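Trainee: Could you take one part of this model and go through it closely, then carry on to whatever else can be said?

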Amino acid sequence: MSSFCSLQEAIARNVNDGDTVALEGFTHLIPFAAGHEIIRQGRKRLRLVRMTPDLLYDQLIGVGAADRLVFSWGGNPGVGSLHRLRDAVENGWPNPLALEEHSHAAMANAYEAGACNLPFAVFRGYQGVDLPRVNPNIRSVECPFTGETLAAVPAIRPDVTIIHAQRADAAGNVLLEGIVGVQKQAVLAAKRAIVTVEERVDELRAPGLNAVILPSWTISAICVVPGGAYPSYAQGYYRRANAFYIAWDNISRERETFLAWIRANVLDKGPEAFLTHRSAVNRADAP
Amino acid sequence: MTNPGEFTAGEMMTIAAARALKSSDVCFVGIGAPSAACNLARLTHAPGITLIYESGTIGTRPAVLPLSIGDGELCETALTTVSVPEMFRYWLQGGRITVGFLAGAQIDRHANLNTTVIGSYDHPKVRLPGGGGAPEIASSCAEIFITMAMSPRTFVDRVSFVTSFGHGSGGGARQALGLTTRGPTKVITDLCVLEPDVDTRELVVRSLHPGVTQDTVRAACGWPLRFSQHLSETPRPTNLELQVLRELHARTAAAHESHG
């Protein structure tokens, strides 16, 4: 049974040093507030999993929270490199970071295999490319019916998956809609799941677009954190702060400016700062 | 801003890339330069084209170019939005896509692409974002168009890492791997359009953009470049193409500033 609690409590109870942690979100609904709470609580040696590690993982890697990254595309979308990820990989700062690198197709299939309680995923891919040479977790199987050689990767089974969603009802059922990415699979593949939401409502309003509903009993902890996906976005609540993604390029380029930003915006702040961000985006958007 | 009738090399690249697409295409839009070309095609000669982004949006019709492949604009204007596993399993692996449009940091003479590392994998000189959807886009779409600006740093004799398989070591390489799709059939740059030779699958220059010489293209390429026997000049951008492209960029710049 899920339970509403503070973000501080949800992270303290569910995220341990050394855990395999997936904070998922495919550009949309990225759980920034929850990631910042992990930084404030000083978690170490995390094995981070995500298809598209962007600014949030750059921040977690830059403060030294992780020693391993499982991923398929690590960049600042439309802007360029993740400088903290690059510094860790190229220079071992602040600590070396082991990479387990896949393609999107592999990771999407691996999450789904995890949700299906299967040991591995099978798909048609990786033909002719170099990733299998550098990632021993990319293997192949022969189809027992046709003899075709297919790619195989282990299922992803996080200790804890963390996502952000639009809202939860009083009973703790969660709704997300818009670009829903791989969040349903990532939650159902995990031992524990934390969801931050924009708001708690009496009843889930008529779901629009392509809503994903996660029943309360699939979730370990729910936290109401309005604005918790900033600078990414929550469809129907606020837009993506593209200007911040562009600004991150300069903030993160040097270690000193990065650490100063973390101190001022993460260590010295709490989850309530995200409501201010949400209001600022919506004010800029007002006619 | 250029004078009426004049155009930049970047505009020529986007316009030539857009022309490669048909209204009947179902196109998987890669991150970066392809997005402008695909939307220009939709706004000019290919209004019926179905644009698909890997974030799950199918049949999207954005008024401005997205900064990322998952901006809200893509979802709001799409026919439907599916989950990422569904996108890769049913739609891409399922063989529903006619064209994949990719870019890269490095390309070789057989159109193999690198977006992973420059230098060695374990001790890279430059760590790039990685493959994302590209490895399976390159193998599962019926054919692949590539667009990227040309320089000796990007058009290289040997890519550091094969992120996406083009024509491997040349003729017959795709068939040997059991690939039934055509692979890269067109590479559109800021200087010229290249296509693979029928037998060797080596990229050959098919048309030079207006005002570009063979020497200029040769100097921008890291391997000894071959030119088609039927070398032609890329048709100049029309006023309509330039106008639609510039309006698209202007709307995009305004939108990304105001939503900071």
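**A hairpin, a helix and a chain contact**

Mentor: Strands β6(A) and β7(A) make a hairpin with six residues between them, and Gly147(A), in the turn, has a positive phi of about 85°. The model is predicted: local features need pLDDT of at least 70 and side-chain atom pairs pLDDT 80 or more, while totals for chains, interfaces and linings use all residues. Residues are numbered from 1 along each chain as its sequence is written, with chains lettered from A and ligands numbered from 1 in the order in which they are written.

The two strands (DSSP E runs of at least two residues, numbered from the N terminus) cover residues 139-142 for β6(A) and 149-154 for β7(A); they run antiparallel, joined by four bridges (pairing takes at least two DSSP bridges). Ser140(A) has Ala151(A) of β7(A) as its bridge partner.

Turning to helix α1(A), residues 7-14 (a DSSP H or I run of at least four residues), the buried residues are Leu7(A), Ala10(A), Ile11(A) and Asn14(A) (buried: 20 or more other C-beta atoms within 10 Å of the residue's own, with C-beta atoms placed from the backbone). They line one face of α1(A), because seen down the axis they fall within an arc of 90° (taken from the directions from the helix axis to the C-beta atoms). These buried residues pack against α2, β8, β10 and β12 of chain A.

Between chains, 51 residues of chain A are in contact with 42 of chain B (contact: backbone-placed C-beta atoms within 7 Å). On the side of chain A that touches chain B, α5(A) gives the most, with six residues.

Conventions
Two residues are in contact if their C-beta atoms, placed from the backbone, lie within 7 Å. A residue is buried if 20 or more other C-beta atoms lie within 10 Å of its own, exposed if 12 or fewer, and partly exposed in between; C-beta atoms are placed from the backbone.
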